[in-house]
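Trainee: I've got a model open and I'd like to go through it with you. Can we take it piece by piece?

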Amino acid sequence: MNAKDPQLMQLGARAEHYLHDDPVTAIFKLRQFAERASKTVAARHAVYLGEHETFEERLRRLSLERIIPKQIADLFHGLRKMGNKAVHDERGSHADALTALKFAWQLGVWFHRTYHKDLDFKPAPFVPPSKPTAEASAASSDTALAAIETALKEQLDELNRRLAETESNASRAKREAEDQASARENLEEALKREAEEKKIWEQLAHEAEKSASEARRPPLRQALQERLSIPGSGLAEYAEASIPFDLAQSSDVAHLQALQEAAEQSSKSELAELSHIGEQAASKIDLDEAATRELIDQQLRDSGWEADTKELRYAKGARPIKNRNLAIAEWPTSSGPADYALFAGLTLIGVVEGKRRRKNVSAAIDQAERYSKGVDGSEDFSFAGGPWADHKVPFVFAANGRSYLKQVETESGIWFRDTRRTANHRRALVGWPTAAGLVDLLNIDYDAAAAALSEMPFEFGFPLRDYQRSAIKAVESALAVDRRSMLLAMATGTGKTKLAIAMLYRLLATKRFRRVCFVVDRSALGEQAAGEFSTTKIVSGKAFADIFGLKKLADITPDSDTKIHICTIQGLVKRVLYTSDDAEAPPVDQYDLMVVDECHRGYLLDREMSDDELSFRGQDDYISKYRRVLEYFDAVKIGLTATPALHTTQIFGDPIFTYSYRQAVIDSYLIDHEPPVRIETALTRAGIVFEKDEKLELLNTRTGEIDLAHAPDEIRFDVEQFNKQVVTVEFNRVVAEELTNHIDPDLPGKTLIFAATDAHADIVVSAIKKAFSDKCGEIDDASVRKITGSVDRVGTLIRSYRNE
């Protein structure tokens, strides 16, 4: 690492130096180590955005783009948060600093394996540094400063070389004298600062021999404050401003820019391979139990629990407290101490078994169940009910600190089991449930809900068709056998929304679920769904929204009494995946049922989205984020679709009920379509070909600008690529003219014409208007309208088209 990035080595070495005498500063140095490493990772993947981006923002981007695996992101965030606490509160024990050092060491090993492409690298075992003597400290400082001086000179030489390559011969001669003088001046100033730094190190080594109990301010922090002219606890400002450690900031940025430029020359496949190596290297991370417990502590805190394995322990007198949610470590049971006991106020609602990071975690539920059976009662707390068979605690957990990965499900995530029913199976969660979520879960009686559903009549304020009733029964039967993902395949126009309203009324009225997320993939569909839920009468003349609390698209967070929350998948992606901190993400138990409308729909490359929606790079990116969001919530998932796609069945499974278009036509609920008419032109048969060196007009779809270029080689487009990768106005004109032979504007009825992109829709509207004007004479401008997400009041247009 020293040869590739001496700064990382120096920051790690300094952290080790301060470990014993000044753990707060050691933690701060390790935070700098992590921040510097994040910049280097970004640059090596050509996504470094410069010094204006905060550490937190950078980690969010790297995680979102899958450049750093989740378990590596956890280590980065752990160091960031520990460093912030050390700087803001000047808090940090020797044990905290040692844990941070273990995190940084594992990051360093991952960095080496990934960016040296050495997956088989086997480092020596981690050995905590011993306390240095004064002589050793002085020698260390001399060695470190010499390394910094060498690195600085090398970086200055690199700057001069890069400038020389980019300047013209004429300007180079003119600037040569000035550059050399400036470089000498910068080097002299840097060396002067190095000398000052050396004095600080020597002073620290000298004072380290004094009594540790002497009340004094740690000399390095004092010296830093003097040098930075920051009063009081201003190191917090120093840390949050992300001031680089490098003694010559411009050289540091130049080094990162050089990495960035090199990465930009790499192909997409090479960068993807680098990310894949990073994932493989991350799977080899092996934290000891103490460091793993620190990760679990942080994960619990992110979900609203008070957790601190070192301080919040039974042996240190920690006991449950009213109105506080505590994770108390080492709670005694007859089967040995539980790693954590979870208390919602004074009520014991969960016990946890923690394992080392590399240990299989799903099997550890067995140990947690022994804790559940072996907890003795005490006046310090109350049980949550029960017992349930031999279990005195309703919820048991097992964790090893490793973030959930579908590929290694049994070795990652937080494993959970509800002990109240023997039929409840253990399963993996992406995050820790909240105390409020567990209390709500405690209030759900699955057996009572199933009995209520079996006795509840199918009577609503609207008629329910036989196949809709059958679909609802299929869902309730699947729930009875604890199925957590299911798919209903029903043809378009057969009333999936009405079915959903009836089904959700039954499930909420019988208290089978407490809160539902109704997911759509377009804002317009969400507004339509909200209208249906608000106007459809269910019982006694009351609409669904009158009976149950309803939150619409504009509502980001549901209230405690919200029963149904309508969201777009894009909005959920933003809330779950785009948060800068896990603590800001919605809790995994925010919903216990998710109904996904039109779940078959994929991503269209040029789909236009409103301001509150997100774009995706392509189909694979859409499906990846779509699936990650659905997996995030600990909820039963029900998909509604007309045409199951491959990714749909991979997520929801094969349909548990199907009502096809053909059957709906036979049953007279839908009208059969006429045979299709295929329109062929000369271009559809031959395709479009540009010869080598032929002049082309290239459209930038983001800016709308048109650039002239020459074809580097022969380029051929077939009809599937028309109006997506190549725009041909004449093709659209010919098709529009042919359509006038099949559409009579004087007859009743409406016509839908589907365009490839939003821009293509504009071309089609213009071509259709002209074709009908030429054939039929004057037509109303409003008779041909574009309806996409980019138009004004798209919801009003959709309702107008549907109802008028």
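Trainee: Which hand does the crossing of H2 and H3 have?
Mentor: Keep in mind that this is a predicted model. As for H2 and H3, their crossing is left-handed.

Trainee: Which residues of H3 make that contact with H2?
Mentor: From H2, the contact takes in Arg31, Ala34, Glu35, Ser38, Lys39, Val41 and Ala42. By class, the contact of H2 with H3 splits into 6 nonpolar, 1 polar and 4 charged residues. On the H3 side, the residues are Phe55, Arg58, Leu59 and Leu62.

Trainee: How many charged residues are in the contact of H3 with H4?
Mentor: H3 brings Phe55, Glu56, Leu59 and Ser63, while H4 brings Ala73, Phe76, His77 and Arg80. Sorted by class, the contact of H3 with H4 has 4 nonpolar and 2 polar residues, and the charged ones number 2.

Trainee: Is Ala46 buried, partly exposed or exposed?
Mentor: Ala46 sits in the loop between H2 and H3. Its phi is near 65°, a positive value in a residue other than glycine. Buried needs under 20% relative accessible area and exposed needs over 50%. Ala46 has 23%, so it comes out partly exposed.

Trainee: What about Leu274, buried or exposed?
Mentor: Leu274 belongs to helix H11 (residues 268-282). The cut-off for buried is under 20% relative accessible area. Leu274 has 11%, so it is buried.

Trainee: How far is Leu274 from Ile67 in space?
Mentor: Leaving aside neighbours within four places in sequence, Leu274 is in contact with Arg44, His45, Thr114, Tyr115 and Lys117. Leu274 and Ile67 are 207 residues apart in sequence. From C-alpha to C-alpha, their separation in space is 8.5 Å.

Trainee: Over to the strands. Why is E4 largely enclosed by the rest of the structure?
Mentor: Strand E4 runs over residues 347-354. E4 pairs with E3 (residues 338-344) in the antiparallel sense over 5 bridges, and another 5 bridges join E4 to E6 (residues 395-399), which run parallel. It is largely enclosed because of its burial count: of its 8 residues, the number buried is 7.

Trainee: Which residue takes a positive phi in the hairpin of E3 and E4?
Mentor: Within this pair, Tyr340 stands opposite Val352 in E4. The hairpin has 2 residues between the strands. The one with a positive phi, near 65°, is Gly345.

Trainee: Which residue is the bridge partner of Thr347 in E5?
Mentor: E4 and E5 (residues 382-383) pair in the parallel sense over 2 bridges. On the E6 side, Glu353 has Ala398 as its bridge partner. For Thr347, the partner in E5 is Ser382.

Trainee: What is omega for the cis peptide bond of Gly386 and Pro387?
Mentor: Pro387 is found in the loop between E5 and E6. The peptide bond joining Gly386 and Pro387 is cis, with omega about 5°.

Trainee: What is the phi of Glu330?
Mentor: Glu330 lies in strand E2 (residues 325-331). Its phi is positive although it is not a glycine, at about 60°.

Notes:
Residues numbered from 1 in each chain as written. Predicted model: local features only at pLDDT ≥ 70, side-chain atom pairs only at ≥ 80, totals over all residues. Heavy atoms only, no water. Left-handed = near helix turned anticlockwise from the far one by under 90°. Helix = DSSP H or I, 4+ residues; strand = E, 2+ residues; numbered from the N terminus. Contact = heavy atoms within 4.5 Å. Nonpolar A, V, L, I, M, F, W, Y, C, P; charged D, E, K, R; others polar. Buried < 20%, exposed > 50% of the residue type's maximum accessible area, 1.4 Å probe, protein only. Pairing = 2+ DSSP bridges.
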